[in-house]
Amino acid sequence: MIASKATYPQRSSIVKQVLAAMIQNRPLDASPNQPWTTDSVSDVLRSIPSLFFHSPRSIGRQKGFRHRSPLKRRNPYQEPDRFHRYRDTQKVELGVEKAMEFYSWVETQFGFSHTEITCREMACVLARGNRLKGLWDFLHGMARKGGNGVVTTATITCLIKVLGEEGLVNQALAAFYRMKQFHCKPDVYAYNTIINALCRVGNFRKARFLLEQMELPGFRCPPDTFTYTILIGSYCKYGLQTGCRKAIRRRLWEANHLFRIMLFKGFVPDVVTYNCLIDGCCKTYRIERALELFDDMNKRGCVPNRVTYNSFIRYYSAVNEIDNAVDMLRKMKEMNHGMPTTSSYTPIIHALCETGRILEARGFLAELVDAGSVPREYTYKLVCDSLRSAGEADLMGDELRGRIETGIENRCKQLMKVKPIMMNRIPL
């Protein structure tokens, strides 16, 4: 059997040497065997956040991983205690220091001329390290040194995206308005990026203000399909996460209103737009509206995918209409609109076990394994306990049991290759 090749990009030897020296806090070697290129310099800078910084999604979030609250807006000047809890400040300081040292070292020692790509990667390192004052000093210095070709609209847009992921929305908005200082003009992608960052923290008022600005007659950056899709998806997702029925109704109404405006202006919604609305309607038990959108989707020639069918499967399983959920699963396979995975079978199996249809649950579990997927451990134990309670424990079969347990064990081994490293690297 031929071993599958790794999908991760292979780092060159010079990149590995520099990263090893950074991690061990050793001085950089001035005699590499290979010349520095834009790709190698970018690879080093891109690897620093993953080696020295903690994931920004853990900051401002709850401990649970199944039902996460919306990303909370952060103020780096008023969170010293929380910041120390989620990040090792010494490692962050070391990472930023080594990044700046490497950036100047490769330029002075080897005469490397930094490009827009390397400048962008260095700015992202400073943004992920929350060094905001040093970030703007660095960008102004690069703009004076390299002219208008180093700090571009793409650089500021990437910076806005990183700041938004960190929860620093006010700083991302400031970066959007400071584009003029670097003689950059925001494009549609820049507007979409800042609107997405605002929606992630629930600032829909400012996001709608930017959308209305884009909709003005003659504006040079008119909105596109992605602009409306970002707002529609955020309305559905944020409204459901609030847990307030009034807020859910209001947000879902806003999403449908934007969808109608989008159609009135002549935009063609894609599968992501439909999936956001269908998922929001199914989770709020508005199945008639969801089916109406599903029919409209097919009439317009927009092919549904697995995400579309999974929304209906989850709804029908939750309201105990299991036969309709099974019909949706079969229809997805017959129409070749996607390959069912664990997320497609799990709601059906759970609903069958809750209603006492144990043999059918076992059949769907076997079908899931035959399709090449590994069920969740809780789903597997649920079916085993249900069969044992019904006195049919032998129906699981040694072959099926062995395949499932082997798959779960391999998945746990793969996870434990990374989890101990993360636990040792970030003390909580």
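1. Start with the core. The largest nonpolar core in this predicted model has 120 residues, and W36, F102 and L139 have the most contacts inside it. By nonpolar core I mean a set of buried Ala, Val, Leu, Ile, Met, Phe, Trp, Tyr and Cys residues joined through side-chain atoms within 4.5 Å. Buried is under 20% relative accessible area, exposed is over 50%, and partly exposed is in between (1.4 Å probe, protein chains only). Helix α4 (residues 89-110) gives the most to this core, with eight residues. Nonpolar side chains in soluble globular proteins do tend to be buried together.

2. Neighbours within four places in sequence aside, F102 is in contact with V18, M22, L28, W36, V41, V44 and L45, where contact means heavy atoms within 4.5 Å. W36, on that list, is also one of the residues with the most contacts inside the core.

3. Ground rules, briefly. Residues are numbered from 1 along each chain as its sequence is written, and side-chain values use heavy atoms, with hydrogens and water left out. As the model is predicted, local features need pLDDT of at least 70 and side-chain atom pairs count only at pLDDT 80 or more, while totals for chains, interfaces and linings use all residues.

4. Overall make-up: 21 helices and zero strands. Of the 428 residues, 46% are buried. The accessible surface is about 23,100 Å², with 53% of it belonging to carbon and sulfur atoms (Shrake-Rupley method, 1.4 Å probe; for residues, only the protein chains shown count as cover). Among contacts between residues at least 6 apart in sequence, 66% join residues at least 24 apart.

5. Confidence next. Mean pLDDT (the predictor's confidence in each residue, from 0 to 100) is 83, and 84% of the residues reach 70 or more. Over residues 56-68 the pLDDT is below 50, yet this stretch has 22 contacts in the model beyond near neighbours in sequence. Residues 1-8 also stay under 50, and there the model has zero contacts beyond four places in sequence.

6. F176 is buried, at 5% relative accessibility. Leaving out neighbours within four places in sequence, its contacts are I160, P186, A190, Y191, I194 and L210. I160 sits 16 residues away along the chain, with the two C-alpha atoms separated by 6.9 Å.

7. K145 and E107 meet at 3.9 Å, N to O. K145 lies in helix α6 (residues 132-146) and E107 in helix α4, so the pair ties together parts 38 residues apart in sequence. K145 is exposed at 58% relative accessibility, whereas E107 is partly exposed at 25%.

8. R330 and E367 form a salt bridge at 2.7 Å, N to O. This pair links distant parts of the chain, with R330 in helix α16 and E367 in helix α18 (residues 358-370), 37 residues apart. R330 counts as partly exposed, at 30% relative accessibility.

9. For a local pairing, see D137 and K133, whose side chains meet at 3.2 Å, N to O. They are four residues apart in helix α6, so about one helical turn separates them. D137 is partly exposed at 44% relative accessibility, and K133 is exposed at 65%.

10. Cysteines: with a disulfide taken as a pair of cysteine sulfur atoms within 2.5 Å, the count is zero. For C281, the nearest cysteine sulfur is that of C236, 6.8 Å away. C281 is buried, with a relative accessible area of 1%, and C302 is buried too, at 12%.

11. Backbone check. Most residues other than glycine have a negative phi. Y285, not a glycine, has a positive phi of about 60°; its place is in the loop between α13 (271-283) and α14 (287-299), and Y285 is exposed at 55% relative accessibility. N336 is not a glycine either and has a positive phi of about 55°. N336 sits in the loop between α16 (322-334) and α17 (342-354) and is exposed, at 66%.

Note on methods: Helices (H or I, at least four residues) and strands (E, at least two) are DSSP runs, numbered from the N terminus. A salt bridge is a side-chain nitrogen of Lys or Arg within 4 Å of a carboxyl oxygen of Asp or Glu.
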